[in-house]
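Me: I would like to learn how to read a model like this one. Please take me through its features one at a time.

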Amino acid sequence: ANFVVFDPAPMGDTCYAVNVQAGAGGSVQVNPGPNCPSGSGYRQGTVVQMIAAPQYGYEFTGWSGAVNSTDGMTTLTVKANSSVTANFRLVEPPVNDDRAQAIVWPAHSGVQSFHDTRNALNASTASDDPLLPRKIAPQGFRSVWYRFTPLGPGTLRLSTLGSEYDTIAAVWAEAEGGGLDSKVVKWNDNTGTKRHSSLSASLQGGKTYWIEVVSKTTNAGVLVMDGQFTPRKASNDARGSALRITDALGETHYHASLDVWNATTAASDPLFDGSPLHRSVWFRYKPRQNGTLTVDLAGSDFAGRVGVYTSSPSGLRAAAQGGTRLENTALVGGLTYYIEVVSQDPNAPSWLELDLRYVPGTPLGAGEYDLPAAGLVTLGGWQSAGREGALNGSLFTSQELYAASGLTFTGSRAEVL
């Protein structure tokens, strides 16, 4: 390289000694050389340019002595005998040099973004680093690691754009026992003609994944790592795609964990206290016999509400609405119920934990039909066939069952339309 010597003032005939030296881990380029007639020293007013050059694995920390600067290139105007030292230090291996010390990306609901910048100059290559399915050598050098366990399924996107060296990025799934699956989930060498890596991988919820970045050559530098995880859209966003809950022979226990960050609200969704809420998801349940339902949202990271509805020709009818816990809601066996969970805040976190418990009433014998004790409506006279009706000779049903199933009384029988 050519360096220009600046001479802001006429140089005098006085000469001074200028001692420029480098500490351990680097060297210094000095321009110009001594210009005194004796062959040593610099004439007064000479501008001396100095450039610090660290060895591999070291970084420049600054100048000391007659110059106080952290710029790698600096100048000294000679006015007296001077001494200048370029200082260097060994770059520490990154904290995530080994997989056992991988940087953990914490998981939460909604879209997550990750960013990390660190110097990988002195990262090592472990003997147990996994083998990439590259057709040509090498496998890579100076590996660094990250670890991520998403709450639910989704897509992880990674990029090393901005890194100082040629990278290879890979995503590995954790195997049983804590090792790594032999088959890589996804990996990428170069994006087009660029030296950085970029990939997109589908991840399962609750499974641990390990992200590895290696250098394509024996040299590395500053690594820039950016990641984004986008949860999969809830499949039960609409009532027509409600998740079905299967009724058990005895008590029914059901649990669901899902991210509802991009669930929508339909215009036909029921109101709560006269107002629409947000991010509705739906479940469908048909009990075999009468009983009581409890729905609990404990463990969710947002304030939710629960509604239980039956479907009728005129639309949904509310059986019950409540907060984060809806307790002992009476259901009628044989009817289909829709259970809705909504968020009270559209900007709140979005991880849903739903626990459902259904307790049936006393098992019924042959020919017995259980009706709720409250809200009965008379449909007409009961004409028994050799047996008196147990309810004073009248046919009864519940308000809820009557409205939900569209029962009409014709003559001496109940007909389901």
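Me: In what order do the five strands of the open sheet stand, and what is the pairing?

Reply: First, the ground rules. This is a predicted model, in which local features need pLDDT of at least 70 and side-chain atom pairs count only at pLDDT 80 or more, while totals for chains, interfaces and linings use all residues. Residues are numbered from 1 along each chain as its sequence is written, and side-chain values use heavy atoms, with hydrogens and water left out. Now the general idea: strands of a sheet pair through backbone hydrogen bonds, either parallel or antiparallel. Strands (E, at least two residues) and helices (H or I, at least four) are DSSP runs, numbered from the N terminus. Two strands count as paired if DSSP finds at least two bridges between them. Here the order is S18-S20-S25-S22-S23, and the pairing is mixed.

Me: Which strands are at the edges of that sheet?

Reply: Strand S18 (243–245) and strand S23 (315–322) are the edge strands, and each pairs on one side only. From one strand to the next, the twist averages 30°. Such angles run from 0 to 180 degrees between N-to-C directions, with axes as lines fitted to C-alpha atoms, for helices over the stretch in contact.

Me: In which sense do S18 and S20 pair?

Reply: In the parallel sense, over three bridges; S20 covers residues 278–285. For a landmark, find Ile245, which stands opposite Tyr285 in S20.

Me: How many bridges join S22 to S23?

Reply: Seven, and these two strands run antiparallel. A hairpin links S22 to S23 through two residues. Look for Ser312 opposite Gly315 in S23.

Me: In what order do the strands of the four-stranded open sheet stand?

Reply: The order is S10-S17-S12-S15, with antiparallel pairing. Strand S10 (112–119) and S15 stand at the edges with a single partner strand each, so one side of each has no neighbour in the sheet. Neighbouring strands are turned by 15° against each other on average, direction ignored.

Me: Which residue pairs help me trace that sheet?

Reply: Start with S10 and S17, which run antiparallel and are joined by eight bridges. There, His115 stands opposite Asp226 in S17. Next, S12 pairs with strand S17 (residues 222–231) in the antiparallel sense over six bridges. Leu156 faces Phe229 of S17 from the opposite position. Finally, strand S12 (residues 154–159) and strand S15 (residues 198–203) run antiparallel, joined by six bridges. Arg157 stands opposite Ser200 in S15.

Me: How many residues does the largest nonpolar core have?

Reply: A nonpolar core is a set of buried Ala, Val, Leu, Ile, Met, Phe, Trp, Tyr and Cys residues joined through side-chain atoms within 4.5 Å. Buried means under 20% relative accessible area, exposed over 50%, and partly exposed in between (1.4 Å probe, protein chains only). The largest core has 28 residues; among those with the most contacts inside it are Val281, Phe283, Ile339 and Leu352. Strands that each supply at least two residues include S20, strand S22 (304–312) and strand S25 (337–343). S26 gives the most, with four residues.

Me: What is Val281 in contact with?

Reply: Contact means heavy atoms within 4.5 Å. Leaving aside neighbours within four places in sequence, the partners of Val281 include Ala234, Val260, Ile339, Val341 and Leu352. Apart from this core lies another, of 24 residues, among them Tyr146, Tyr165, Val171 and Ala173.

Me: What separates the C-alpha atoms of Phe60 and Gly72?

Reply: 7.1 Å, although the two are twelve residues apart along the chain. Phe60 lies in strand S6 (residues 58–65). Beyond four places in sequence, the contacts of Phe60 include Pro54, Gly72 and Phe88.

Me: How many helices and strands are in the chain?

Reply: One helix and 30 strands. Of the 417 residues, 41% are buried. Among contacts between residues at least 6 apart in sequence, 73% join residues at least 24 apart.

Me: Where does pLDDT stay under 50?

Reply: pLDDT is the predictor's confidence in each residue, from 0 to 100. Where it is low, the predicted coordinates should not be read in detail. The chain mean is 86, and 83% of residues reach 70 or more. Residues 372–417 stay under 50, and the model has 75 contacts for them beyond four places in sequence. Over residues 1–10 the pLDDT is also below 50.
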